[in-house]
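Here is a short tour of a structure, with a few local features to look at together. Please keep the sequence and the coordinates open as you read.

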Amino acid sequence: MSCNHHPDDSTLLSYGAGSLPDALAMVVACHIAACSHCRGKIADAEQIGLGLMEQEPVQSMSERSREWMLAMLDEPCEESMPEPQLAVGDDSDGDIPAPLQPLIGQWFSELHWRTMAPGMKQFILPASQGKLRLLKIAPGTFMPSHGHSGSELTLVLKGSYSDELGRFSAGDVADVDPDMNHQPVADTHEGCICLIATDGPLRFKGLVPRLLQPFFQL
Ligand SMILES: [Zn+2]
C-alpha cells in the first residue's frame, strides 16, 4: 500500500519512545503495519536512541538530542524495511487492521455501529489515554466543522475523504495540529471508515454538534 500522508516526525518519535498516549499509539501502529516508510523512520530513531544511551546514562532526552533525532528522521529511508514488530494480530486475514483485531475482531460488518447523525456512525474503542473510535461516513457526507484542544490522528481504513489538508485515502494519516479547524467530507463514490484518536475534546462551531458532543464522547 502506498501512502501519501504520514504522521509527523515528532509523532513517530514519540511512538518509538513509547510516550504517545495509547489511543494515538494505536493509530500509528495500524498505519505502520502497512507503511514501510514510517517503519524505517522509527527503526532509525531507535538506533540513534540506543547509540545515545550507550554513550552516557541519559536521565531525560535533551532538547539538542531531540532536534538531532528529528533531523535524522528527515533523511530518506532505505527501500527495504524490516517487518513491523507488532505485538498482536500478525496472522490477520480480516478487513480490520491486525493491531485492532484483539480488541474488536476481524470484520467491520460485525461491529455494532451507533448512529451519531444522518450518514455518520461510530464505534468507540477502549483506550486508557485519550479517545479512540471508528467512524463510518456515508458517501458525500459533510462532517461538522471543528477545531481541537489537543492532538488528532486519523487513519483512513476504507474509502477516502477530503478537507482543508487535502485528500486522504486508505492508509493515509492526518496528523492535525491543535490550532487547526477542518471539515472532512467523504468522497462521493464510496463511504469512508476511519480510525480516529484524540487526546482532548473537539471544539465544534455549530450549536447542534455542541449539544450532541457529551452523548458521543467527542
Ligand atoms: Zn507512513
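Just after helix α1, G18 adopts a positive phi of about 75 degrees. The helix itself covers residues 9–16, and D9, T11, L12, L13 and S14 are buried in it. Helices here are DSSP runs of H or I with at least four residues, strands are runs of E with at least two, and both are numbered from the N terminus. Buried means under 20% relative accessible area, exposed over 50% and partly exposed in between, with a 1.4 Å probe and protein chains only.

A word on the basis: this is a predicted model, where local features need pLDDT of at least 70, side-chain atom pairs count only at pLDDT 80 or more, and totals for chains, interfaces and linings use all residues. Residues are numbered from 1 along each chain as its sequence is written, and side-chain values use heavy atoms, leaving out hydrogens and water.

Next, have a look at Q122, which sits in strand β2 (residues 120–125). Its side chain joins that of R133 in a polar contact of 2.5 Å. A polar contact is a pair of N or O atoms within 3.5 Å; within protein, one must be able to donate a hydrogen and the other to accept it, and residues adjacent in sequence count only if both atoms are side-chain atoms.

How many disulfides (pairs of cysteine sulfur atoms within 2.5 Å) does the structure hold? It holds zero. The sulfur of C192 has its closest cysteine sulfur in C194, at 3.5 Å, which is too far for a bond.

These residues count as buried:

| Residue | Relative accessibility |
|---|---|
| C192 | 1% |
| C194 | 2% |
| Q122 | 2% |

How values were computed. A disulfide is a pair of cysteine sulfur atoms within 2.5 Å.
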